[in-house]
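Dear colleague,

Please find below the structure that I promised to hand over, followed by some notes on what turned up in it.

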Amino acid sequence: MQALSVCPSNTDGFLNRESPPHSGRRKGRNPSFFRGVRSGFNYRETSDDLGYGFPCRCSRVNLYVLWRPKKHSICSSVVPLALAFEEQIAVGKTDSNSDGENKPEDQKLLVENKGKRVDTRALAWSLRAAKTVEDVETVLGDKGDLPLQVYSTMIRAFGKDKRVNSAIALVEWLKLRKHASKSFPGPNLFIYNSLLGALKQAEGFDQVEKIMTDMTLEGISPNIVTYNTLMGIHLAQGHEKKALELFKEIQTKGLSPSPASYSTALLAYRRMEDGFGALDFYVDFRNKYQNGEIGKNDKNIDWDLEAVKLEDFVIRISYQIMRRWLVQIENTTSKVLKLLTVMDQVGLKTGRSEHEKLIWACTREDHYIVAKELYKRIRESDSEISLSVCNHVIWLLGKAKKWWAALEIYEDLLDKGPKPNNMSYELIVSHFNFLLTAARKKGIWRWGVGLLNKMQEKGLKPGSKEWNSVLIACSKASEASAAIQIFTRMIENGEKPTIISYGALLSALEKGKLYDEAVRVWKHLIKMGVEPNSYAYTIMASIYAAQGKFNIVESIIREMPVSGVEVTVVTFNAIISACARNNYGGPAYEWFQRMEVENIEANEVSYEMLIQALVKDGKPKVAYDMYLKGRRKGLSLSTKAYDTVVEAAVDGGASVDLSLLGARPPAPAPESKKRTDVNQEYVAIVND
């Protein structure tokens, strides 16, 4: 039996009109349809009709196509059937050995045989509500022997329309008709294959076992189309392993798998996300094909072409599985890399498109290994690469803290192309910022300078944030000369220094005791119109205090509130610390007393710096009293302050009761050392 193709035509429009058709010709109407109008057939109204009907010529078979308005609920059933039966299938020669493949001759809109013409669409419409054999007999009982192609076409249409009961009732009617009439062939293999296909499409899976039992009782053996359909049914139910078991059963039944069989089996591996199983399956097929075990007796299939298609299919499946692996919660990068290696080993050639799609699936930090490997493969193939993919790899490497590897990608863009865009620039600059921030926090100033040099070497222009990171690193490392060089380069490169730039440079100069240079920088800051902040004022107060110029220190303290800058304990601690370093015990005590006048609460740093200043100034008794005062205020003074007071009292012969000092405080852990100068206090604030 030849398979009957179902293809769209222009005759569906009349099924969805909301007004009665007229005999006048309009643009867009099917001429062959209106030839039937002019033939003058009788009008018949059915109980299902809403008031409008239209006859269609069916020769001696008295069939009608009913027209219905869109607003009626039954139209939801009309459309699928109309799509399936937009052609009229003619009576043709039956072939019980048909494999179900569409033939070119099936594409004819209307075919005549023995003077009969069958409107399968109208016939299916009349059976749309059939649920029992009796319902089918009512419609088909007086139609005579129709070709089996008509029945199989209607069955497939019922599957599309989700009318499983109608399809089964029609097959049951054919069985009864066969037993009642010896001349009637009854349902054959093609009919049953069509029914199985309808059950698959309508998801009527509970009826499949019964249909297979009926086939056995009718003495019909499954062919390869049957097995392919059953495999598809198992896949639709999520039974991938059963589908693969059916594939193995095909050869035990003396059948040869078709290309659809191999494709369905590969799809089962895809559903199970078993990339290695899919590759093993494909390699087994390829070996058999190359050895001539497949397709040697099948002249109807171009196996050379099908082998190429299967190779493309297994490649797509493998990459789909790898993308699925990459979105899982657990780390599957090793599986992805292993599958890529196996694909190389079996000789599957992949290209840029597959690699780039897989790169886009890499989004987590642990995916950077896969992205880097795929990027390398694209570059080694000497093919073009998408700039957006390169940017994605740069972003991912930065996310994984592989900044130098990201810089290598950027260098490739400069050397090999494509030309980097603003996104590339911003990404790589952000990576440099991570590195410069690390250099700043750890005070690794040489590393910071090297990063700035690297940026400029690659055509990247450092901004104030990058320059300031290196300046702060120089300040933390007390590298005054390096800070001066970086500050100078910053200006030479057209970057305007910010207050953070000036503050970091002033801090470095103060630590290097380059007080005159610091004063010049301060004057430059004022000249450039940069408003000093608390840190800049504090550094200058510390510098002038170290020089003993306490009148200028006083003017700075007075100027700060006028400029809208709050005077805090940090500023006073800086002044007291400078006094302690330069043996100004008396002024240190005076500035400590000034804090109380200004209603600024002293902290541990205040007391510890004052104690050091008093001891250096030969006042152990006052230092002892300040230690007790700090303890009474509930402050946790350091071990160093305690030891300083005790050693000064013993060495100086002071008459004090050391037992009143209490127990010696525990030594702090290395990572929790207290900050004991204003520069460290401020740098901590900046870092936060």
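Lys 288 and Asp 284 both belong to helix H12 and are four residues apart, about one turn of the helix; helices here are DSSP runs of H or I of at least four residues, and strands are runs of E of at least two, numbered from the N terminus. The two residues form a salt bridge whose closest N and O atoms are 3.4 Å apart, the term meaning a side-chain nitrogen of Lys or Arg within 4 Å of a carboxyl oxygen of Asp or Glu. Lys 288 is partly exposed at 23% relative accessibility, as is Asp 284 at 39% (buried is under 20% relative accessible area, exposed over 50%, partly exposed in between, with a 1.4 Å probe and protein chains only).

Please bear in mind that this is a predicted model, in which local features need pLDDT of at least 70 and side-chain atom pairs count only at pLDDT 80 or more, while totals for chains, interfaces and linings use all residues. Residues are numbered from 1 along each chain as its sequence is written, and side-chain values use heavy atoms, with hydrogens and water left out.

**Aromatic pairs**

The structure holds 19 aromatic pairs, counted when ring centres of Phe, Tyr and Trp (its six-membered ring) lie within 6.5 Å, with planes under 30 degrees apart called stacked, over 60 edge-to-face and the rest tilted. One of them is the tilted pair of Tyr 262 and Phe 281, at 5.9 Å centre to centre and 55° between the planes. Because Tyr 262 lies in helix H11 (residues 259-271) and Phe 281 in helix H12, this pair ties together parts that are 19 residues apart in sequence. Tyr 262 is buried at 5% relative accessible area, and Phe 281 is buried at 12%.

**Other salt bridges**

Of salt bridges the structure holds 29, among them one between Asp 161 and Arg 163, with closest N and O atoms 2.6 Å apart, where both residues are buried. Glu 598 and Arg 594 meet in another, at 3.1 Å from N to O; Glu 598 is partly exposed at 37%, whereas Arg 594 is buried at 19%.

Residues 223-257 are 74% helix and 0% strand, with end C-alpha atoms 10 Å apart.
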